[in-house]
Amino acid sequence: MQTLIILLGWTVLAWLLVRATQPPADATAPQSAPFLGGGTTGTHAWQRYHFRPYTMTLVFIAFEMEMMFMYPWAVVFVSEGIKALAEMGMFLAILSVGILYGWREGVFRWE
Amino acid sequence: MRLSRLASRAPAPVFGAIGPGWQVAVERLLARSGLRRALTPRDAGILLVAGDMPGDAAEALGRVHDQLPHPRATLRWTVSHETADAVADRIVASWRDLGAIDEADLLPDQPPNEWKGVGPHGQGGKGMMGGTPYGRPMAMTGEDIRDGLQLDRYTARIGPFAPMLPPGLVLEVTLQGDVIVAATVQHPPFAQPVDADAPELCAARMLTILGLDGPARRAIHGRRPGGIWVRGAVPRGLGGIEGAGDARDRLAAFLGGDRAAVTAPDLSELLPGLEWSEAMLVMASLPPSAILRAARLPEAA
């Protein structure tokens, strides 16, 4: 009960803070137009673009996941023995597919 | 009340709308202490309209005026015998009691285009493509010039009061993400006096694009801009022009006090392939007279 009251209290406080600090949404049409130095747009702003850092994200996750699994693995490696070694081998093999894909996409090329 | 008085002691943020022949005067004026050159109207409290604006720029000027947040004030500087000191005093005085001045919008409070869509979001087309919500077509796909992916192309007209381009220049650019795929000149820049090509002003324009406001201000005052190896901030090989080196060489020449003699490049060939920030750096590395000649090239042909 107490937890619920605290949670609700914080939610209401956060909501009040947001209401108090957000600017009024009363901008006129010419004010809310994008700034183009007096110019105008030709097409709508909704568009798709290539998220280029995604290969970097892929490599980051591959190496980070490897480390997350390796720490607990290192603790039990001596007691589990060859079974643990085989499991880690399989895990690294799967992760390296991601790294190879990143390589093909040119993430290791210095630009 | 006390807060607004405290705010009025800060340097006055001025957005300069520069007319024919006034570029040098305004650039030198806004480098004074007590004034600050705002690079977007949203950051400004005062709109300085310098020179006699041609009739075809009036609508664009209205758009820029309406984008200043309230409270705002417009000052005109059209008489060439009014000294920069007098104008600076007028600006600071308006900035001090901005709360009492405030101006209403010049343009009517209507969306620039009518709502024409069908469907819940007015997209009007199939799936995520096509349609003309608010009277503007959706961006359609085209081949990315880097790797041939089919990506959306966004078209906008930039200018004539874009602070990173010479005053008067209207560029129609088509972008994929932030890469320019096409650029055409819609209106050439306003003619400016020969002083606009002065190396310290050209260097200051590049430094402003690089985000180095302090060095830019010192350069305009004719002092050493300071900063360690400033030209290293410009990538090598950017915006190379036959006989005038690349943008880094030109910045080095400006900092060394040389007037770079640049043949007018073809802007519609120079800009495509560059990212937006690189393109603006390249534009800033060209003296205004070279851009004026380049913008008039298609007319001559």
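Predicted model: local features only at pLDDT ≥ 70, side-chain atom pairs only at ≥ 80, totals over all residues.
**Figure 1. Overall dimensions and make-up of chain B.** Residues are numbered from 1 along each chain as its sequence is written, and chains are lettered from A, with ligands numbered from 1, in the order in which they are written. Taken along the principal axes, the C-alpha atoms of chain B fill a box of roughly 60 × 50 × 40 Å. Chain B has 11 helices and nine strands, where helices (H or I, at least four residues) and strands (E, at least two) are DSSP runs numbered from the N terminus. Of its 301 residues, 42% count as buried, a residue being buried if 20 or more other C-beta atoms lie within 10 Å of its own, exposed if 12 or fewer, and partly exposed in between, with C-beta atoms placed from the backbone. Among contacts in chain B between residues at least 6 apart in sequence, 57% join residues at least 24 apart; two residues are in contact if their C-beta atoms, placed from the backbone, lie within 7 Å.

**Figure 2. The largest nonpolar core.** A nonpolar core is a set of buried Ala, Val, Leu, Ile, Met, Phe, Trp, Tyr and Cys residues joined through C-beta atoms within 7 Å. The largest one holds 81 residues, of which B:Val14, B:Ile46, B:Leu47, B:Leu48, B:Ala203 and B:Met206 touch the most other members. Helix α6 (residues 199-209) of chain B gives the largest share of this core, seven residues. When residues up to four places away in sequence are not counted, the residues that B:Val14 touches include B:Leu30, B:Ala44, B:Ile46, B:Leu48 and B:Ile91, and also B:Arg36 and B:Arg37. In soluble globular proteins, nonpolar side chains tend to be buried together.

**Figure 3. The open sheet of β7, β8 and β9 in chain B.** Three strands form this open sheet in the order β7-β8-β9, and the pairing is antiparallel; two strands pair if DSSP finds at least two bridges between them. The edge strands are β7 and β9 (179-187), each of which pairs on one side only. Neighbouring strands are turned by 20° against each other on average, direction ignored, with axes being lines fitted to C-alpha atoms and angles running from 0 to 180 degrees between N-to-C directions. Five bridges join β7(B) to β8(B), and B:Ala156 has B:Val173 in β8(B) as its bridge partner. Seven bridges join β8(B) to β9(B), where B:Thr174 stands opposite B:Ala182 in β9(B). The hairpin of β8(B) and β9(B) has two residues between the strands, and B:Gly177 takes a positive phi near 60° there.

Figure 4. Most residues other than glycine have a negative phi, and most peptide bonds are trans. A cis peptide bond, with omega about -10°, joins B:His70 and B:Pro71, and B:Pro71 lies in the loop between α3 (58-66) and β4 (73-77). The bond from B:Gly159 to B:Pro160 is also cis, with omega near 5°, and B:Pro160 is found in the loop between β7 (154-158) and β8 (170-176). B:Trp229, a residue other than glycine, has a positive phi near 50°; its place is in the loop between α7 (213-220) and α8 (247-255), and B:Trp229 is exposed, with 6 other C-beta atoms within 10 Å.

**Figure 5. Where chain A meets chain B.** In this interface, 20 residues of chain A are in contact with 37 residues of chain B. The side of chain A that touches chain B divides into seven nonpolar residues, 12 polar and one charged; Ala, Val, Leu, Ile, Met, Phe, Trp, Tyr, Cys and Pro count as nonpolar, Asp, Glu, Lys and Arg as charged, and the others, Gly among them, as polar. In α3(B), the residues B:Ala60, B:Arg63, B:Val64, B:His65 and B:Asp66 are buried, and the buried residues of α3(B) pack against α2 (29-32) of chain A together with β1 (12-18), β3 (46-50) and β4 of chain B. A:Ala33, in the loop between α2 and α3 (54-80) of chain A, is partly exposed, with 17 other C-beta atoms within 10 Å. Leaving aside neighbours within four places in sequence, A:Ala33 is in contact with B:Arg63 and B:Pro112.
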